[in-house]
Each structure stands twice: as C-alpha cells, then as structure tokens.
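Please open the model in your viewer and keep the selection panel at hand. The tour below goes from one selection to the next and says what is to be found at each stop.

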Amino acid sequence: MDKEVMKLLAAALAIGLGAIGPGIGIGLVGLGGAQATGRNPEASGTILTNMILAIAFAEAIAIYALVVALILLFVV
Amino acid sequence: MKRVVTVLVVLVLIGLCAFSCVIGPLGQKWVVQPHVQMAAETFPIGPVRVPNSLMGMLLAGLVLIGLFAAGTRHIRAGRPEAMVPRGLQNLVEAIYEFLANFLRGILGERSEKMLPLLITFFLFILVANWVKLIPGFETIGLIEHAHKGEGHAVRQVGPLLFLTHEKGKYTLIPILRAANTDLNVPLALALISVFMTQVYGVQALGWGYFSRFINIKALTSGGLMGVMNFLVGLLETLSEFTKIISFGFRLFGNIFAGMVLLVVIPSLVPFVAPVAFYILELFVGAVQALVFMMLTAAFTAVATAGHGEHH
C-alpha cells in the first residue's frame, strides 16, 4: 500500500480504537454520577466535581490516542 | 392552536433538513470545499507575519477586559453607587461569586490566593472558545497566493474578493481564528497551570514539597516500602509532565475538533443542522473551560495537602 494511505489509515485507527475505552469509561462515570445524584440530591455539587475529575482522567487516554493520530498525520 | 403551530414548525424543520440534504451534495459543486489546517495561518503586519490565532486571543482578552473594566468601574472609583450594584456590575459580581464559591468548595481555606488565577483560566478559556462562534471567524481574511497547487480562483463582487470553487492559485488567510485551535495557546496555559501548582505547593509546604517527587527520606529509612515510596515519587514526577500534555491536548483537541465540525457540517447539510452543532459548541466550550479550571484546582488541592496530613 501507498505510504500516504497507510498514514491516513493508521491515524484513523489510532483515534478510532483509542476512543472506545474512554467512551465506555466516561459513560460509566456518567452512570455513577447520575445514580449518586438520584440517591442523594443534596450532594450534587461534590458529585459533579468528582465526576468531572474522573471524566477528565478517562478522557486523558483518548487524548493520548489523539496525540498519536496527530503525530501520524502531521509529523511522521 | 398551539399544537398546530408546533407541528408546522417541526414539519418545516424536517422539510428544510431534507431539502438541504438534497441541495448539500449538489451544492458541493459550487461551494468552496473546507480546508483544515492544524498550524495557525500567518498574515503580514508590517515586517512580521502574525499568526491569526494571536488575533483571536487578543480579541478574547479585549472582550474580557472590557466587560470587567466596565463592570467594576464604580468599585475602582470608590463611588458609593458600588454598594448597590446595578446592571453590568451585578453580572460581573454574580460571575465572580459563583466561581469563587465553587472553588472554595474544592480548595477550602487556602483558596483566596489561588482564586485570581483559576477564575482567569475559566473566563479566558470560556471567552476564547465562545468568540470563535461569531460569524466571520475563519472566513474573513486576506487573499494570498497558495503555496502548493491547491488554491482556488477568486471572483470580485464590488470591492470584495470571494474564493470560488474553481481551481486557481489563491488561498484565504483568515484574520481571526480561535485561540485554542492553535496548539501553542493551550500548551502555554497548561504550562502555567502545572508550574503554578508547584508554586502553590511550595508556598503551602515549604521546600519539603519536593519530597513528593524525590523521596530520599523514605529511601534511607524504610526498607522495601521505602523503595516503593521512592519509585512512586518517580511516577509522580512523570505524571507532572503527562499533566502538561493532557491539559494542553484536551483543550486543543476539543476546540480544534469543534472548529473542524463547524466547517464540515455546513458543507454537508447547509441549513438547520449547523444550528444544533453551534449549540453543542457553546456547551463544549463552557465544559472545557470548567474542566480546565477544576482540574487545576483539584491538582492544587492535592499539591497543597501535605503528605503527612492524612496519617
């Protein structure tokens, strides 16, 4: 295969596959947050804070995939 | 009556969507195809070439400074009217109070010194993300010769030049571009954030703060667990650097993807659909600003809470 084509394919696969895990993770965090808020509505402020923190950590994995994809596209 | 109106509105929207789904692919013949570039374009001012993301950043800064200068003018002048806030001052005070209370909840008593930086992070990123939704960003600019052979032809209408779909040798250099779609800006913010976390840590714990990273005391005193603690410290050091990357690329990735989305969607479905994505972008911009501020606050809270405190 052409090098250009491989580059595009690799970048697409990197971000596409790399987004699966964080997607599931963020979904689970959202589920937990919604359930916690439903059980204890007064604590929604703290729950929101912790939820966004956890989402950010899950999202960081997707960001590494994004970095790899961008490097593949524009640097390699 | 109300229901009839609702049904009519929905029908018209569906019709417009269907119409634009048909027209969109046809229109691609006449519309300039989206061109996405990761590095900021530069345009000349006098002898130097200025990146257009700098212009977007300055615009965001001006909006923010203008808003808060106008909102706090009575306070700064020490006028008695400041005691009973009216109009803009109300808005500015409400924004500040909301954010300050939110942050006090995370940081506790030590928050006062960190509030200015954290609130500036939030407001700057928020405004920088929202000003890019003004029509004219990334579409109005200077026409220049394209570097490679991928340019467009131009057509003159009155005093204005437009790019056309035909191949040619010209390209558009937008004057304004969202600050956070240039990797340099989010990375600079990330560097400031991580650096200031260290500063607050040293302020709160003295130079002993750095034993978090290189824990010689644990290595010399505590056998196997001491070695483990030392290695954990090395991991902490590594995680400070990953923080810079994940802060920077989180903001950049989200806002850049938003920009690409807002270019691609109108070229596929020109009517109605872009509105939904504009609303999505408003939301994403606010969430990213909030996340940046909150993560900085949370990391600062971790850094200022001493190692010994929870034993």
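Which residues in H8(B) meet which residues in H9(B)? Before selecting them, note that this is a predicted model, in which local features need pLDDT of at least 70, side-chain atom pairs count only at pLDDT 80 or more, and totals for chains, interfaces and linings use all residues. Residues are numbered from 1 along each chain as its sequence is written, while chains are lettered from A and ligands numbered from 1 in the order in which they are written.

**First stop: two helices of chain B**

Select residues 223-268 of chain B for helix H8 and residues 273-304 of chain B for helix H9; helices (H or I, at least four residues) and strands (E, at least two) are DSSP runs, numbered from the N terminus. On the side of H8(B), the residues that meet H9(B) include Lys243(B), Phe247(B), Leu251(B) and Asn254(B), and on the side of H9(B) they include Ala273(B), Pro274(B), Phe277(B) and Glu281(B); two residues are in contact if their C-beta atoms, placed from the backbone, lie within 7 Å. The axes of H8(B) and H9(B) come within 10 Å and cross at roughly 175 degrees, where axes are lines fitted to C-alpha atoms, for helices over the stretch in contact, and angles run from 0 to 180 degrees between N-to-C directions. That makes H8(B) roughly antiparallel to H9(B), a term used for angles over 145 degrees.

**Second stop: a hairpin in chain B**

Now select strand E5 (residues 151-157) and strand E6 (residues 160-168) of chain B, which pair in the antiparallel sense over 6 bridges; two strands pair if DSSP finds at least two bridges between them. E5(B) and E6(B) form a hairpin with 2 residues between them, and Gly158(B) in the turn has a positive phi of about 65 degrees. Gln156(B) stands opposite Leu161(B) in E6(B).

Not counting residues up to four places away in sequence, Met114(B) touches Leu107(B), Tyr200(B) and Thr300(B).

**Last stop: chain A**

Finally, select chain A, which has 3 helices and 0 strands. The C-alpha atoms of chain A fill a box of roughly 60 × 15 × 10 Å, taken along the principal axes, and buried residues make up 13% of its 76 residues.

Key
Angles under 35 degrees count as roughly parallel, over 145 as roughly antiparallel, 65 to 115 as roughly perpendicular and the rest as oblique. A residue is buried if 20 or more other C-beta atoms lie within 10 Å of its own, exposed if 12 or fewer, and partly exposed in between; C-beta atoms are placed from the backbone.
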